[in-house]
Amino acid sequence: MMYLRVFLTCVLILLVTAGFSKTIANTVSGEPQEDSLSEQNLRRAMDVTDRTIAAHFSGNDMKMARYYNPYNEIRSDETGSIWMYTSAVEAVNAILHALKAHHENGNPALYNEHFKRYAKLLQELYENANFYLGTFELTSYTQTREWTVYGVHRGTSKGSAKVAGIENVYDDQMWLIRELLESYKLTENPEFLEKAEYLTGYVLDGWDCTREANGKETGGITWGPGYVTKHSCSNGPMVSPLVWLHELYKNKNDEIEYRFIDATDRETRKTMQVKKSDFYLNFAKKIYHWQKKHLLRTDGVYDDMLGGCTPDKPQTETVDGKIYRKGIVCTDRVGPAITYNSGTMLSGAADLYRATGNDKYLDDATQLSDASFSFFATPATDMPGYYTFDTSGFRNWFNGVLMRGYVDIFPFYKGVADYIDSFQRNLDYGYGHFLHDGFLPSDLLNGWDSDEAKNTTEAMFSFAFAAEYAVLARYELEKTE
């Protein structure tokens, strides 16, 4: 009997040191907790997403209420913008990616049970995003043409949204491009790639290709066609999708029309056919270096925008009898620094390094990783080992973009492991202490307001938490590869 006990003890020690664990009772919820942290993260991502869809969406047209209070079950009349709506797509994509990662790592059960369901939900989300679509004519720096793009606000029917002037912004298209490409890679549905490339064409049409006196492009993309300010959020988010497009066409001969202005006379509009792979990578580099040059601060993080612009509102000029948009020169760098503006550039640097092997991008990413965590993360008061991030305004979603940046650079810079872990710890603390009817509070470490009427949640925050959990599920699987 004594030998049997010794043998069983040794077996137990071997199992623990090998990383195995039995299912244990969750002391907070009383529900079974999975042995794998990755699987636990994924299940939580699915649970939060399912509950948020059920609470915030209504009707077959999937109209999304911006707010919902899980304490009094009141759904707001205010409808979410296309940006907010896209956060649902982001969460579903992240779940699909994590499910696929589990399947590839020898755990097909979750994939077999859930992948088709979420793929169907993804398709429905895209179909009903068409309520935000509208069509207008735009005069840009090189052409005048009609575009069908996503407006800020939802229309009353598909394709009826207002999109002219300030009714659409370039960054909204960028977040959708990112998700459309992710969806294409996950499902191989060619419609997603086609839409992503169309919207990419629209966004790059907003690149200020007018020439300075030295013949160089002015550069930068304004917040939208109805604006003159050039923002981090209307440039940085486009870098990674352009690298992904480059990679999709890297070994193909597909071509695209490149529109630009002659560098010598600085007026003549020209076009030429170029390989898509080169076109997309060159634009990724141009946008990345423009933002780094103009918006990187001395403390190593990115400011919000360039203001002090001339002209101070969109204007046109006539060249050779044709009307074009005037170039815009902005001189004032304006803050504050916000997490997502550093996060998109961190992901962009990681992707550019993977695509080019150029060490300058790795150096940039390493410095930005450390600088951003130092700037944005604050040790939590009376909670050793925890860090707080500003959650005012839309920062809960912004913070998720920064976490994604850390995950993207991790394969090349393991120093971000602790930064990523801070998000895991905060999510788990909020989930373990404050989960209410499937919802997490905006402040994961301090919980809900004592006045239950004040506990309204933003749909996009719930989807942001779900997306973070799903990204962390994949990260846990892949970090040791």
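**Exercises: a buried threonine and the cysteines**

Thr86 is buried, at 5% relative accessible area (buried means under 20%, exposed over 50%, partly exposed in between, with a 1.4 Å probe and protein chains only). The model is predicted, so local features need pLDDT of at least 70 and side-chain atom pairs pLDDT 80 or more, while totals for chains, interfaces and linings use all residues. Residues are numbered from 1 along each chain as its sequence is written, and side-chain values use heavy atoms, with hydrogens and water left out.

**Exercise 1.** Find which residues Thr86 touches, leaving out those up to four places away in sequence.

*Solution.* Start in helix α3, the place of Thr86 (helices are DSSP runs of H or I with at least four residues, strands runs of E with at least two, numbered from the N terminus). Next, look for contacts, meaning heavy atoms within 4.5 Å. Thr86 touches Trp175, Leu176 and Glu179.

**Exercise 2.** Find how many disulfides the whole structure has, and work out the handedness of the Cys309 and Cys330 pair.

*Solution.* First, search for cysteine sulfur atoms within 2.5 Å, the cut-off for a disulfide. The search gives one: Cys309 and Cys330, with sulfur atoms 2.2 Å apart. Then take the torsion about their S-S bond: it is about 105 degrees, so the disulfide is right-handed. Now place the pair: Cys309 is in strand β12 (residues 305-310) and Cys330 in strand β15 (residues 329-334), 21 residues apart. Finally, check accessibility: Cys309 is buried at 12%, and Cys330 is buried at 13%.

**Exercise 3.** Say whether Cys209 is buried or exposed.

*Solution.* With a relative accessible area of 5%, Cys209 is buried.
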